[in-house]
Amino acid sequence: MPTDINSQQLTLELLSNPANLASIVLEDVEKRYNGEFTLVDPNNPVMHVIEMASTLTSAMAAITENKISTSLALRAQTSEDLYQHMSDYDYVNLFSSPASIEFMMTFDKKYLMNNGEDYDNTTKRIIIPRDTVIKAGNITFGLFYPIEILINKYTGSTIVKYETSVINPLYQLKYNVIPFSEYNYLGMNFIQIKFKIYQFVKTKIQETLTSQHGFASKYSYTDKFFALRLFTEKNGSLIELGQTLAKNAYDPFSLTARLAVEPEVNKFSVNIPQIYFTKDMLGTNLYLEVYTTKGDVNYDVSSLSKDQYKVNFNITKATSKYSQVLARTTFFVSPVTTQLVGGGNGYSFEDLRQKVIDNAFHTTVLVTPADIESYYKDQGFRIVKYRDNLTNLIYFSYKVLVDKENAIIPVTNLPIYVTEKTPDTVATIVHNLDDSITLLPNTIYKYDQKQELAIPLTDVERNTLAYMSKENKVEEFNNNIYLKTPFHIRLSPDGRYSKASSYNLMDPTIDNFIFERDNDKIMTQMVSMSGIITHEGDGVNGYKVQFIVNKDSQILEYPEEDLVLWVYTKTADNIYVGAQATYIGPYNNQYLYEFKIDTDYYISDNGKLNVTSLSNYETAWTHLIDLENEYHLTFMIKKDYFPDVPVDTSFYEGVPAAFLNTHLVMIKQKCTINLGYSLDDVIYNSINLTWSQKLYKRYEQDEYATYPTDIYERNENGAIKCSVVVENGKPVVKLNLLHEKGDVIYDEYGNPEIRHAKGDLILDAQGAPILENGGERILEYLIQAMLIDYKLYLSEYPVHQEYCKSITKTLESYFVTIRDSSDRLLERDSIYFRPTRTLGSAEFSIGDGVTRTLPLDMTFSFRLHCETAVKNNLDIQDIIKENVLTLIEPLIAARTISLTNIADIITNSITYVTATDVLGINGDIDLQTIAIADDSVQPSIAQELYLTKDDKISIRKSIYIDFVID
């Protein structure tokens, strides 16, 4: 340590210690007096002065050191240290972020044209305000930007886009054009627009500003804090204030408010520095827009009725004149997507620190691995680099799958074992005419943990499971792991260039109903405005398409058998194929018609589906069609009712010729049906290709040794013994037969002798083994795929059944994140989705460099010490079990699992529990602390099937708790 008070080596760190500083001062005093003067009395007034000066100087040095250190993000100790390194835009999504859903709104175009305000000489302008509030049940949504509808008064041409004259710092648009469609219904023209709405609530607050008192105020909020916008009006202009979360980091020449958020108590405070009042930069009022959200959510809104969707345009006198027409117009609303998934719950200090250090707030272009990791971490994914070479860079984005109760879904990523012969024994794996193979989603696989393979069950094995009793089924599925993939998989076997692709055919859609033309000679009408399409039988029984049809009063007078709805489309060969829809019956004051699109699930190389139920007029063939195609609806009525109406043959395009003589066309429409789509852009189904070994014929069961000839009793000389027996009253001499030819040979102990044991090779006449199937070797394909624990599909618990139905929609909501980022990546970078593996096994560190392979789905046993009242009360015990489960699930999801930590948290969190013993993991008491390094896996609590009291199969967590009295 330097002793010279003038030394350059005296750092702030040394000066911040008052004892060190006092010692240096004393030594300096002694030097100045050449050692002739020594301060030995601590009560000397000089000592008091030195002590005071050292303390003050040290305090200043400590403050200076701290200020200097906080100027570097790398040395930040608190969130406040980081705030001074962040811009206004960096605060967005800091505390939480909203989920979004696609929405559809339909307007009467003629009404808008007649009543909308003129924008210029040729255009009508309608604006949906940015303050619009949309409610889906009890969930509130909003817009970041107004929506502008421009309609040409003379041509009727329409443009729909976001109005971006004022940029919203909370959301940056990639593009401002909004997709829309137009259609006619009963002579009315409608505009149908699709746009995203965001799950947030915006609350407006107005405060009075006075220069004498400055401004500081605290506010409460509900849910999670998302953002705050602040405005003041000065000289007739609305000015937005900047924001800072740092106390002293603000520009005195640019209006800035200090913001402090306390998410622990749902409060925030706003403070405006006095300098802005002194400089007269503020108006007399402050306007606050407080944005709150529910954050990370997973809701299914498909069960909501139309009446549960409400829209409030919040139109007042101050609202733009271009919005006033909306207060009087009629409109219809409905969701396009029904799964509300996404949002975020904000950053931890560690996450925020890393983002500031990496400057990873802005994700316009994802260049470095740090950019990609930060972007996906914000979206709730864990990113792992899979391949990095000269040609391309591949990442996998991992996410834990959970149901709406936040329970982890057991899932794994495994190679599926398929050979050219598999379709011969597995009906759910289909061999196509071009030698491609389709793996249907109802295929059941057994997890071979030794080979780490998913083996398809044969038809015999599947039937054995199907006919089991519930009790036996529960036992079988708890003792073995069976799996299922949610998607259709197409395997194109082409030797070394073989390829596998996943297809999502489980979420078909029908939309864009557009009027084409009507027969003005027939006044009565029927028309469809919407439809419903479902993929039947777990994705193996084709598509059921239902059209919801409106009928006017006149057409209701005609019998249904005299009306026809013919639906047709074009094939890949440009041929019209179609089918007649069947009348089902009334449906919510409308009428339901239905037709089937059956398929053999052959998907061509270019992604076209082979359909088997649509006919080329009179001939029923199979046809390849685009997965997304236009379908035309032709409504017809018998000619007998309108004998004077001439036949216009142009109406009958795509319609069988037989109808030309019997029916008149009333109206033609078209719609878009999407049967599915390839997932090549988001799922990477890698393939390993091998040849099987040569197979030899073997004995399928033990073969016993037999006598090759009859064996007779002999005397000591080897002569055959004879006996005289009486037959038909006459004596007959017979040889003494001991064993007939073909009798089994037994040893001296009465055991049959085995000539060939089960599994022994079968040899030919020359003693050489005989080849199976003439020695043919078959190709074996190992297709990497996502597989889900089949227990979920066996459960009769409503939450599990609902999740199974919506799992593809949930996964699709994750795929959106990947697709949104694809245009920000470098040219040869690719990112694919994989679920975080929670099933199977992984390597865990148990200390001192020792690792063990352990199951990812873990069982835990606890001994909870409690009082007698708890021991005797089963209701309290059930509550405690639920609390224990809630407490330990997030602890098990950590990279390091400490049973000591788990025991302490249970004891400290549950008042009834006085002490906790954790009896190891998976029954192993020696496992107390384990750590996992693999980023693609996450431990979870094992799940098991059980039968409920009402004989229903359900799933429970494998936690065993024993209550003992202290």
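**View 1. Helix 17 lies across strand 57 and strand 59.** In this predicted model, helix 17 runs at about 150 degrees to strand 59. Helix 17 covers residues 899-909, and strand 59 covers residues 915-921.

**View 2. Helix 16 lies across strand 57 and strand 64.** The angle between helix 16 and strand 64 is about 125 degrees. Helix 16 is formed by residues 874-892, and strand 64 by residues 959-965.

**View 3. Helix 16 and helix 17 cross in a right-handed manner.** The axes of the two helices come within 10 Å and cross at roughly 145 degrees. On the helix 16 side, the contact is made by V884, L887, I888 and L891. These meet N901, I902, I905, I906 and S909 of helix 17. Of the residues in this contact, seven are nonpolar, two are polar and none is charged.

**View 4. Three strands form an open sheet in the order 59-57-64.** The pairing in this sheet is mixed. Strand 59 and strand 64 stand at the edges, and each has a single partner strand, so one side of each is left without a neighbour in the sheet. On average, neighbouring strands of the sheet are turned by 20 degrees against each other, with direction ignored.

**View 5. Strand 57 and strand 64 run parallel.** Strand 57 consists of residues 860-866 and is joined to strand 64 by seven bridges. In one of these pairs, F860 has I959 of strand 64 as its bridge partner.

Notes: Residues numbered from 1 in each chain as written. Predicted model: local features only at pLDDT ≥ 70, side-chain atom pairs only at ≥ 80, totals over all residues. Heavy atoms only, no water. Axes fitted to C-alpha atoms, helices over the stretch in contact; angles between N-to-C directions. Helix = DSSP H or I, 4+ residues; strand = E, 2+ residues; numbered from the N terminus. Left-handed = near helix turned anticlockwise from the far one by under 90°. Contact = heavy atoms within 4.5 Å. Nonpolar A, V, L, I, M, F, W, Y, C, P; charged D, E, K, R; others polar. Pairing = 2+ DSSP bridges.
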